[in-house]
Amino acid sequence: MVLLQRSYAVGYFGIAYAGVQVIDPITSVLAGAILLGEPLPTSPSTAVPALLAAALTVGGTITLGRLAPDQSRPTPEVSIPVPHPSSAASDRS
């Protein structure tokens, strides 16, 4: 929660939230295996697709995080040149 609140304050909430959504299931599986003794998938038919899906999810989240615009810096304002009246009209008088 502290990470999410801090990232919201600086403008990176989407990236931090996506990171939490990726890390949360991984942490849950590891906590179940380590603390509760639940078995991890050992069969290649279940372990390989799970690992590929996890790698794809992590890679996609990292890619999206790198492509996200930097919200901490203000966007530079583009100045539009204002047309000035022609000086030739003032020269005629």
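**Exercise 1.** At what angle do helix α2 and helix α3 pack, and how far apart are their axes?

*Solution.* Keep in mind that this is a predicted model. Start by finding the two helices: α2 covers residues 13-35, and α3 covers residues 44-67. Next, compare their axes, which lie 10 Å apart at an angle of about 175 degrees. Finally, classify the pair: angles over 145 degrees count as roughly antiparallel, so α2 is roughly antiparallel to α3.

**Exercise 2.** Work out which residues of α2 and α3 meet, and what kinds of residue they are.

*Solution.* On the α2 side, look for Ile 15, Ala 18, Gly 19 and Val 22. Their partners in α3 are Thr 57, Val 58, Thr 61 and Gly 65. Now sort the contact residues by type: 4 are nonpolar, 4 are polar and none is charged.

**Exercise 3.** Which element gives the most residues to the nonpolar surface patch?

*Solution.* First list the members: Ile 26, Leu 30, Ile 34, Leu 35, Leu 36, Val 58 and Ile 62, together exposing about 710 Å² of accessible area. Then assign them to elements; Ile 62, for instance, sits in helix α3. Both α2 and α3 supply two or more residues. The top contributor is α2, with 4 residues.

Conventions
Residues are numbered from 1 along each chain as its sequence is written. This is a predicted model: local features need pLDDT of at least 70, side-chain atom pairs count only at pLDDT 80 or more; totals for chains, interfaces and linings use all residues. Side-chain values use heavy atoms; hydrogens and water are left out. Axes are lines fitted to C-alpha atoms, for helices over the stretch in contact, and angles run from 0 to 180 degrees between N-to-C directions. Angles under 35 degrees count as roughly parallel, over 145 as roughly antiparallel, 65 to 115 as roughly perpendicular and the rest as oblique. Contact means heavy atoms within 4.5 Å. Ala, Val, Leu, Ile, Met, Phe, Trp, Tyr, Cys and Pro count as nonpolar, Asp, Glu, Lys and Arg as charged, and the others, Gly among them, as polar. Patches are made of residues with over 30% relative accessible area and no salt bridge: like charges are joined within 9 Å, nonpolar side chains (Val, Leu, Ile, Met, Phe, Trp, Tyr) within 5 Å. Accessible areas come from the Shrake-Rupley method with a 1.4 Å probe; for residues, only the protein chains shown count as cover. A salt bridge is a side-chain nitrogen of Lys or Arg within 4 Å of a carboxyl oxygen of Asp or Glu.
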